[in-house]
Amino acid sequence: TLTIEDIGAGDIELDIGGVSPNCVVTTDGGSRQTVRVTPTGGAAIQFRVQCADVARQPRIVGFSSGYTQGASIFQFRVFDPDADIVGYYWDITDCEGNTVLPDKRERVRLNLRGGRGATNDTLTVVGAFELGLENAALAGRCTEIRVYDAASNVSHIAIHKIGSATGAPPIIRFFDAKLQGQAFVSSILEANDPDGDIVGHFVLVRLRDGAISVPDGIPDLGSMDAVGYLGLDVPIIPTTRRIKWDDVYSVIIYLIDAKGNVARIEDENIFN
């Protein structure tokens with residue numbers, strides 16, 4: 001805690017310095033914030049810092065991202081010495097650490113150690129979040145990712161500028177999701193990339209309102225494996241467990257290549 005007196009009224013800009021190399025400032029705005037001091041009283045501001053045991057700290061060793069048709073799509077490769085990564089934080093910022101999301105709230109995705117992420121110390125993650133914003137609203141903005149493990153060791157923040165990808169985007173030639181009886185939804189995805197560098201895809205399922213969360217008048221969105229999928233083989237979606245066959249409205253595929261070129265497609269008719 002630091003108290004500064006007699007600085008006068010007005011907008012005061014503060015920077016936090018001397019942060020240890022094994023720590024990251026995770027407050028919105030990063031290490032620089034602005035606070036307004038009124039003539040009649042003071043003001044308080046907080047910086048949030050997360051630190052890691054250097055020997056156990058996850059390291060993001062590759063990251064790219066893009067935005068299309070209302071969705072942020074990204075992929076990153078992370079190394080973790082203990083192979084116990086739990087989840088990641090995602091945000092879109094002005095590239096200076098200030099979030100530009102409408103609700104001013106970063107997202108977190110858990111369960112990275114399920115599925116193919118169960119044991120490997122190095123993991124490639126493909127992910128997506130639906131925002132519904134126009135492409136122009138996020139052009140030149142930055143996607144930010146930081147990863148944390150079971151002991152709360154946090155990686156440094158990886159930053160990728162949206163629209164900075166080079167090369168050609170993936171081309172989705174065919175996608176069909178189809179309900180098979182009442183047991184599961186199967187999908188066929190055919191795509192190619194002129195540069196031959198498709199990393200993988202992420203799957204979201206649009207569901208009946210209240211199928212997996214509290215009813216709010218908006219259809220739910222459920223993800224399959226939190227780490228996404230490498231290549232083009234889309235998993236089946238079981239409909240005999242928590243999700244039932246008549247809960248499923250559509251299946252959405254998000255595709256990304258190594259440079260951050262992206263594509264999105266949604267099949268809204270799973271009966272044909």
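This is a predicted model: local features need pLDDT of at least 70, side-chain atom pairs count only at pLDDT 80 or more; totals for chains, interfaces and linings use all residues.

Me: What share of the residues is buried?

Reply: "Buried" means under 20% relative accessible area, "exposed" over 50%, and "partly exposed" in between (1.4 Å probe, protein chains only). In this chain of 272 residues, 43% are buried.

Me: Which residues touch the most other members of the largest nonpolar core?

Reply: The general idea first: in soluble globular proteins, nonpolar side chains tend to be buried together. A nonpolar core is a set of buried Ala, Val, Leu, Ile, Met, Phe, Trp, Tyr and Cys residues joined through side-chain atoms within 4.5 Å. The largest one here has 22 residues, and Phe74, Phe76, Tyr88, Trp90 and Ile145 touch the most other members. Strands β5 (59-68), β6 (71-79), β7 (85-93), β9 (122-130) and β10 each give two or more residues to this core. The largest share, four residues, comes from β7. There's also a second, separate core of 17 residues, with Leu179, Leu207, Val248 and Ile270 among them.

Me: What is Ile145 in contact with?

Reply: Contact means heavy atoms within 4.5 Å. Leaving aside neighbours within four places in sequence, the partners of Ile145 include Phe74, Phe76, Tyr88 and Trp90.

Me: Is Arg146 buried or exposed?

Reply: Arg146 sits in strand β10 (residues 142-149), and it counts as buried because its relative accessibility is 6%. Its side chain makes a polar contact of 3.2 Å with the side chain of Gln50. A polar contact is a pair of N or O atoms within 3.5 Å; within protein, one must be able to donate a hydrogen and the other to accept it, and residues adjacent in sequence count only if both atoms are side-chain atoms.

Me: And where is Val35?

Reply: Look in strand β3 (residues 32-37). Val35 has 14% relative accessibility, so it counts as buried. Beyond its neighbours within four places in sequence, Val35 is in contact with residues including Ile12, Leu14 and Ile45. Val78 is 43 residues from Val35 in sequence, and their C-alpha atoms are 35 Å apart in space.

Key: Residues are numbered from 1 along each chain as its sequence is written. Side-chain values use heavy atoms; hydrogens and water are left out.
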